[in-house]
Every structure is written in structure tokens, then in C-alpha cells.
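Here is a friendly note to read alongside the model. Take the points in order and keep the 3D view open as you go.

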Amino acid sequence: MNILSIHRVNKSFEAIHAVRDLSFDVEKGQTFGLLGPNGAGKTTTIRMVMQILLPDSGDIQIFGKKLEPALTDRIGYLPEERGLYRKMKVLDAVAFFGELKGMPRTRALEESRRWLKKLDLTEWTDRKLEELSKGMQQKVQFICTVLHGPELLVLDEPFSGLDPVNVNMLKDVMLELKQDGATIIFSTHQMEQVERLCDAICLIHRGENVLSGSLSAVKGKFGKNRIQMRYDGAATFLKDRNLVSGFDDYGKYVEIRPAANATPQEILKRAVRDVNVTHFEIAEPSLNEIFIQLVQPKGGKP
Amino acid sequence: MNKSLILIKRECLTRVRTKGFLIGTLLAPVLMLLMTVLPGLLMNVVSEGEQTIAVVDLTGRLMPALETYVSDTKKDVQGKPLYKLVPAESNPRVLDTTKIHLNRQVRQGRLNVFLVLPGDIFETNRFELYAKNTGNFQVNESLNDMVSAVVSKIRLSESGLDPELVKRLNKRVRASTFKIGENGAKEESGELTFALNYMLGLFIYMALIFYGMFVMRGVIEDKSSRVIEILLSSARPRQIMTGKIFGIGLAGLIQIGVWGLCIILLTTYGLVMAKQFSPAAQNLPIPSISVWVVLSFILFFILGYFIYAAVYAAMGSIGNSESDMQNLQWPAMAPILMSFFLMFAIQKNPDGPLATVLSLIPLFSPILMFTRISAHAVPLWQVLLCIGLCLLAIAGLIWISARIFRIGILMVGKRPTLPEALKWIRKT
């Protein structure tokens, strides 16, 4: 069953056509990555799903129903730009957002305490939000998103601005909620996370769907023809156009797109003459590479 | 619970719980008390002890009359004389040395003032007043009155007229003012009624701006702190607007309620005290505030609050930061200011067609209809029509502001111009 179904949606702001004929589906229980460069239309799409903006044309369905205000109570939303009532006490603020999602006050308070404990914030319960560090405020904001036990989580750039410890914690909570049956949609441009977390993706570029589907299907489309190599030394062979049609070099690690007639064996033979190879793998292209390939303006770097 | 109610509760509680609110609510009555009591106390402190005044009477015939005048009229509330007149050396040939001598005495504090009444005072109409503080115009006026009364009295008697007769013949005529209401005529002090209406009008004027700014700041704060996006994903713009306007309104009413109670207590207590201590206060015509004026004051204050809260909220939805408030408050403030100035024109002719039409325009109604009701009996149908129009305007304005809010709220960066904002109302 599709939890979210977006069909040929358009949205313009004055001169900017932010979302253009966008369609994609999210299945129940999926973790779904909404990818795209800055200004691609991810946040606009998410805001339309949350009924903050209305689409100019097209059709959005959630839980198999047309959009209506009551449905937002079943969704947990973490906006890209975080913000809370700075002068309110932590517990009051969290419980308020729970109540606003339709929870009875007593249950909202109970759940708030449970979540604050879970995320190590118990001692901050009666402090004002402005006294909390930025990382703690982000955690509180996340609690506001999940407090009411939503069936669908919509997270706009959930990992941005978090330290590694909090990224890990957030990831664990997301997995836990997923195991409990929640569907998670999140936008990001950190491809590593998408690769590890997502079941399916949609890549948006200039408001259009340029690539979507399950992660394996998406990768399959690009074939298993990449070489990932770790090495020490000066990799001069990368300049050899007969062997290598394109590469992404990090100095000790390189992703190679082989030339049309070159086999991986030939490339490896040539490479060991130049450098000390510590790792050599034939793999699918990484999501990062696919992303750059699709999004980069035509005629740019290889 | 209904989402609007949850929002109202939060808006109200977060404001009522602040220290600023507590201080403002409790401190204002203390200030009011000080302002009513302090001037009286100060007057007593200052007027304590009579002023010693030396008189250089170069005419040689004013001094006795001045002394009679002082003992007759210049007394304070308890009946003690205000001035003690001391005759000084009145020889015109040693005038300069006399002045030097008196100057020294003023400087040493043995004298408060000295007067030089020249021999030709009857022709020139001028005398000289020397004091350390010539800016105390209350004393200056009082001494002026004294000398000029005495001079004219002597003039009259020298020309063979009886001063008492002349005084009786010259007595000014004054009107007693009666207000004609539904229940016949009632004596009332015109000035006091005007002053009272003016004060109440001024109060509405200030309160509308004050609480309007609160609403505006509230909206802008939600925008700049970005809370608004979560709110919008949980509640409708109209519910958020309603929460803001009613929540802040409730907090305001609590505050004004406390103040109102204090005013009522202070004035009733104050009047009782005044009547006990001063027989003069017995005859003071107390401006009668009818129940209708009080009710219409409350009614039009509340209507006005909602009208302007919606206007201020709409202006707030356009802005992004505190600094935008300066510019955005003007469109909202202009009609309040205008109605405050129109109030004077309307008080002159509360029945005229101009007054009637203006007072029915919802943006002006809160102040102008109230002014008309308090100054004059307004036909019931007009009052009802006005209330109806105001309610319509409130619904319309909240609708409009919710629309501006919905679009303006997510716009960060360039602040839209007023025409752009108007365009938002039409689309969405």
C-alpha cells in the first residue's frame, strides 16, 4: 500500500517553477530518501505534503486519502529550519506540540517524560529551551516530531548540524520507529546515509523527478562497472584515456569509470606498476557518483 | 481539546507567567495611587509655613489695604495665612540701600519675596517683585492678583464708587450644565464629563496600540524563531491566528481587569476620603458615569481590540524581524490616531451626519462610537448596527490576516511591499 502518492504536482512562486510535474510513491514501512541539490524543490515538496503550501496542480494522497487537515495529526514533521519557543520550559513545550497533534494532556506529559529520559534530557525537563545547547535543542525538536507516535515521519535534512554521536542516536531511533511500523521520508544530500538507510529514493533536480525507485533498482540501472581502489603513490595511469574514461580521486582512494574497451584486469595490471594497491573492488556506482552525474550541468567535469 | 483552545491557552499562559506581566499589572495601580495622592501631599509639604514678604510701599497708602486683603483671602486649607507681610523702609531717597538690604535678607532666607510698589503705580500699572525663584508662577500670580485687586479697590473708592457694589455688579455669570438623557435632565459638570470621556477615549487609544503591538510582536517572533513551520504542520492558519489574538487578548483583559478594579476602588475610596476631610468636596459635582457608558466602554474596547489585533497580526505576518515592526506598525496605527483626533471634532457635534457616518466605520468605531455614546444618547439602532458591522469586520479581518499569514509566514528574506501583500489575499 502506498502511504504517500504524489502525482504530477506543480508549484510555482512568481517566476520560479519550484516543482515541475513531480510524481513518486512511498510504500508503507519504507525508509525513503528524497535527494537533490540545494534549491531542487525538496522542501517545497515536503511543505506541500504537510499542507503548509498548496500545489498549483496535481494530486497528493496520504494514507490513501486526499489531503485534509485532520491527516497531519498522523504525521510527524521535522522542518529544515529548526525553531522552538525559546522562553518555554522543555516539558511544557514538548507536551504543547503533542497536544496540538491531538494527544490528551496527561498522555502528552507522560510521553514527553518518557522520550526526554530516552534521549538523556531528563535533568533538563524544567529548564527553559534557551538554556539548552544547540544539540540538545535539536534532540528536543526531534521529540516534538515523534511524540504522538506518527505513522509517517517526514524529516527535512534531519542530520544537518548534528555531531556524530547525535547522528548515531538519531539513526538508531529512526530504525526503532521503522521496526515499529512507521514509514520514514527524509530529505538529505548526504549520500552515505541514504545508501545505508534507504529502501527507495527519489532524486529531484530543478523540480523534476530525474531518478526514482528502490535503491537496488536505481543502482542496477547504472550497471556494475565501477572500480573502487585504495592505493599509495602517484596514480599517473588515471590519465590514460585508453583505460580510464572518468574518475573521482581522493588521493588515497579513487572511483574509476573504465574506458569502453578496458577490462578491470588491464586496469589493475597497469595500476600496480604505478602505485601500491591496498584494495581493489568491482562495484556498482556509488549513489554519490550517480547524484553528481545526473545533477552536474552538461559539459562539466567528468 | 480543540486546537484553537490549546493555542489560546499557550499564548495566554506564556504571557501571564512572565515577570514583566506581573510587574506591569501590579505596578501600574501603585503608580496610579502615587499619581493621585502625591500631588496633594506635595502641595501640602510645599505650602507648609507662610511666606514672608517685605513690601516697599512708595505710595504710602497701599500697605493697610494689602494687610486686610491677605488676612481676608490668602489662607490655606486649614485657615492659616499664606503670607506674612512686613513693611520695609519706604523712603524713595534711600530706595537703593533698602533694596540692597532686602536683597541680602532674601539671600539669607529671612525673606521669601520683596515687593517694590512705586509711587506712580496707579498710572503705570507696574510694580517690582524680587525673589530667589521668580519661576514659581503660582506665587507670582497670587501676588499679582493681590496687588492688582488692592490697587483697583483704591481706585474705585477714590473715584467715589462703592467697591462692594461694583464687585456685585461685575459678578461673572456661569452656566450650570445639564445632560439630557433617556431619563430626563441631570445636572453635571460639563468640563468633568469632557475630561472623563477624553480619558476613557485616550485609554482605548493607548490600549489598542499597546496590545496591538503585542500581537504583532508575537506573530513576528514565531516567524523569526521558525516555530511557525511546526505550528502550520499541526494547525490551520486561522486556528493559529485565533490562538494568537484571543490568547493575548485574554492576558490583556486579565491585566486591564486588575487595573479597572484598582481604579474603581481608588476613586470610590478617594471620594469618600475627600468628602470627610474637605467640606468643599461635598459640593463637587461628581461626573455621573452611567452604567451604559461603562458597558459601552467595555464593549467597544473589546471590539476595538479584536479589530486592531487582526490588523496588527496581518502586518506582523508581512514582517520578518523585530526591526520591521517600526515600519509595519504605521498602517495599523494610522486609523487609531485618526479616530483619536476625530474624537474632538465629534465631541462638539456628536449628532451630526459626519459623526454618525464616521462612527459606523469599524476601524473608527471603537473610539468614535464610544465617544458619541458617552457624550450623547445615540439611537439604539445605530449602536446595534455598529456592533454588527464591527463583528463582520473582525471576522473579515481575521480571515484576511490568516491569508496573509499563510503566505507571508514562510517568506524569509525580502520583506514584501504592501501591494504584494494585497495580492496574496486574492490568491493562495
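1. Start with the domains of chain A: domain 1 covers 2-216 and domain 2 covers 225-283, with bounds that come from an automatic or database domain assignment. Taken over C-alpha atoms, the centres of these two domains are 40 Å apart.

2. A word on the source: this is a predicted model, where local features need pLDDT of at least 70, side-chain atom pairs count only at pLDDT 80 or more, and totals for chains, interfaces and linings use all residues. Residues are numbered from 1 along each chain as its sequence is written, while chains are lettered from A and ligands numbered from 1 in the order in which they are written.

3. Chain A has nine helices and 14 strands (DSSP runs numbered from the N terminus: H or I of at least four residues for helices, E of at least two for strands). Along the principal axes, the C-alpha atoms of chain A fill a box of roughly 70 × 45 × 35 Å.

4. Of the 302 residues in chain A, 35% are buried (20 or more other C-beta atoms within 10 Å of the residue's own, with C-beta atoms placed from the backbone).

5. Now look for the largest nonpolar core, which has 130 residues; A:Val154, B:Ile245 and B:Ala313 are among those with the most contacts inside it. Such a core is a set of buried Ala, Val, Leu, Ile, Met, Phe, Trp, Tyr and Cys residues joined through C-beta atoms within 7 Å. Helix α12 of chain B (residues 291-318) gives the most to this core, with 16 residues.

Notes:
A residue is buried if 20 or more other C-beta atoms lie within 10 Å of its own, exposed if 12 or fewer, and partly exposed in between; C-beta atoms are placed from the backbone.
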